[in-house]
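Colleague: Before I use this model, I would like to go through the terms attached to it. Please set each value against its rule.

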Amino acid sequence: MSIPFLKGHGTENDFVIVPDPGNALDLTPAAVAALCDRRAGIGADGVLHVVRSAAHPEAKGMAADAEWFMDYRNGDGSIAEMCGNGVRVFARYLQHAGHVTEGDLTVATRGGVKTVHIAKDGDVTVGMGSARLPEGDVTVSVGDRTWPARNVNMGNPHAVAFVADLADAGDLYTPPPFSPPSAYPEGVNVEFVADRGPRHVAMRVHERGSGETRSCGTGACAVAVAAARRDGADPSVTGTPVTYTVDVPGGRLVITERPDGEIEMTGPAVIVATGEIDAEWLENAVR
């Protein structure tokens with residue numbers, strides 16, 4: 001009558017971790033939303049459903065390359081393609097549970113197979129793949145103010161706007177309007193970015209399906225790519241890697257883009273608690 005869970009975070013982007021190697025649990029959108037409710041549930045930005053790739057229909061094709069699949073859900077129960085902070089915490093869970101040790105591993109996600117390195121100092125580095133930069137002008141708005149934004153896709157969509165002050169982003173409780181609607185037919189994560197120094201920026205983010213979060217890993221990667229292009233740096237042209245430090249409300253991430261397009265994200269990942277979900281409560285919560 002109980003379901004084991006853990007709680008973890010990566011730069012304060014927090015997750016309920018539900019180990020389910022055989023994919024036996026039916027985690028409906030309502031169940032995920034109930035778990036993530038910060039007053040009536042456990043509370044989190046999202047759920048990391050830990051499943052063996054071979055046991056999940058969306059991941060079977062990746063099972064030869066990655067034993068474990070990160071079935072990630074946003075706080076409102078919707079499915080997301082990727083979560084960069086989530087991958088780091090997912091890897092930390094696998095280490096915590098004894099499935100992996102320090103060093104290299106792979107994790108299957110809806111955004112493809114990700115390479116991960118767990119360092120001895122505790123930081124986790126994730127190979128996030130390469131960014132796509134769709135053509136076309138995009139704008140985002142807060143109140144009566146509008147900014148141009150860079151369209152960056154990291155396996156999920158981002159709109160990156162550079163502002164003078166992070167307070168310009170407002171409260172970020174609701175999704176900032178964007179234009180044109182055709183740029184993001186399934187919604188978008190919106191990052192507001194301010195400069196802090198050479199190759200050093202700070203950001204706030206509205207994550208679709210979760211609202212403002214303390215950190216967004218794919219968003220930090222999108223921000224680093226957008227900042228590099230704004231600053232005239234393109235590793236595929238120069239042949240030299242470029243690294244940006246990205247401050248988020250929950251801490252700091254280091255993002256490196258390599259000449260082959262691969263983007264690496266390094267930051268902390270922490271398991272803070274273990275416990276059990278009352279199955280009867282969960283069943284009643286979704287009725």
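**Terms and values**

Modeller: The side chains of Asp71 and Arg73 are joined by a polar contact of 2.8 Å. This is a predicted model, in which local features need pLDDT of at least 70 and side-chain atom pairs count only at pLDDT 80 or more, while totals for chains, interfaces and linings use all residues. Residues are numbered from 1 along each chain as its sequence is written, and side-chain values use heavy atoms, with hydrogens and water left out.

Colleague: What makes the link between Asp71 and Arg73 a polar contact?

Modeller: The rule asks for a pair of N or O atoms within 3.5 Å; within protein, one must be able to donate a hydrogen and the other to accept it, and residues adjacent in sequence count only if both atoms are side-chain atoms. The value for Asp71 and Arg73 is 2.8 Å, so the pair falls within the 3.5 Å limit.

Colleague: Why does Asp71 count as buried?

Modeller: Buried means under 20% relative accessible area, exposed over 50%, and partly exposed in between (1.4 Å probe, protein chains only). Asp71 has 0% relative accessibility, so it counts as buried. Its place is in strand β4 (residues 68-74); helices (H or I, at least four residues) and strands (E, at least two) are DSSP runs, numbered from the N terminus. Leaving aside neighbours within four places in sequence, Asp71 is in contact (heavy atoms within 4.5 Å) with Val47, Leu48, His49, His56 and Arg110.

Colleague: Why is Val113 called partly exposed?

Modeller: Its relative accessible area is 32%, so Val113 is partly exposed. Val113 lies in strand β6 (residues 112-118). Not counting residues up to four places away in sequence, Val113 touches Met62, Asp65, Ala66, Thr106, Val107 and Ala108.

Colleague: How do you know that α2 is largely enclosed by the rest of the structure?

Modeller: Of the 13 residues of α2, 11 are buried, so the helix is largely enclosed. Among them are Val87, Phe90 and Leu94. Helix α2 (residues 84-96) reaches 19 Å from its first C-alpha to its last, close to the 18 Å expected at 1.5 Å a residue; the expected span is 1.5 Å times one less than the number of residues.

Colleague: What makes Phe15 and Tyr72 an edge-to-face pair?

Modeller: Rings of Phe, Tyr and Trp (its six-membered ring) pair if their centres lie within 6.5 Å; planes under 30 degrees apart count as stacked, over 60 as edge-to-face and the rest as tilted. By this rule the count comes to 3 aromatic pairs. Phe15 and Tyr72 are 5.9 Å apart centre to centre, with 75° between the planes, which is edge-to-face. Phe15 lies in strand β2 (residues 13-19) and Tyr72 in strand β4, so the pair ties together parts that are 57 residues apart in sequence. Phe15, at 0% relative accessibility, counts as buried, and Tyr72 counts as buried at 2%.

Colleague: Which values put Trp147 and Phe192 in the edge-to-face class?

Modeller: Their centres are 5.8 Å apart and their planes are at 80°. Trp147 is in strand β9 (residues 145-153) and Phe192 in strand β12 (residues 189-197), 45 residues apart. Trp147 and Phe192 are both buried.

Colleague: How do you know that β16 and β17 pair?

Modeller: Two strands pair if DSSP finds at least two bridges between them. Strand β16 (residues 251-257) and β17 have 4 bridges, in the antiparallel sense. Glu257 stands opposite Ile263 in β17.
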